[in-house]
Amino acid sequence: MGFDKQVLKEGSGEKPTKGKNVTVHCTGFGKNGNLEEKFWSTKDAGQEPFTFQIGMGQVIKGWDEGVMSMSLGESARLTCTPDY
């Protein structure tokens with residue numbers, strides 16, 4: 001149980017610390033139970049990047065922990081179990 005992180009592009013900046021605001025682009029996969037099928041993205045028309053306070057429980061645990069492990073500029077695919 002938890003999350004898996006696949007780095008798609010290495011970052012070169014700092015990692016965020018608990019309580020800091022982070023702004024991310026994100027895409028949700030899993031439409032109709034198919035993890036290859038996108039159901040939403042901040043890059044879709046009319047959507048904007050998503051900002052939240054890291055490590056404060058404002059998002060699912062997999063995002064809190066996964067994004068906290070990323071460095072500025074990094075792009076990754078986080079796969080979270082349903083309980084995470």
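**Close-up views of a predicted model**

View 1. Glu-74 is buried, at a relative accessible area of 14%; buried means under 20% relative accessible area, exposed over 50%, and partly exposed in between (1.4 Å probe, protein chains only). The model is predicted: local features need pLDDT of at least 70, side-chain atom pairs count only at pLDDT 80 or more, and totals for chains, interfaces and linings use all residues. Residues are numbered from 1 along each chain as its sequence is written, and side-chain values use heavy atoms, with hydrogens and water left out. Glu-74 forms a salt bridge with Lys-5, with 3.0 Å between the closest N and O atoms. The pair is 69 residues apart, joining the loop between helix H1 (61-68) and strand E6 (75-80) to strand E1 (residues 3-9). Helices (H or I, at least four residues) and strands (E, at least two) are DSSP runs, numbered from the N terminus. Lys-5 is partly exposed, at 27%.

**View 2. The salt bridge of Lys-38 and Asp-44.** These two side chains meet at 2.7 Å, N to O. Lys-38 is partly exposed at 39% relative accessibility, and Asp-44 is partly exposed at 26%. The count of salt bridges comes to 2, a salt bridge being a side-chain nitrogen of Lys or Arg within 4 Å of a carboxyl oxygen of Asp or Glu.

**View 3. Surroundings of Val-24.** Leaving aside neighbours within four places in sequence, Val-24 is in contact (heavy atoms within 4.5 Å) with Thr-42, Pro-49, Phe-50, Phe-52 and Val-67.
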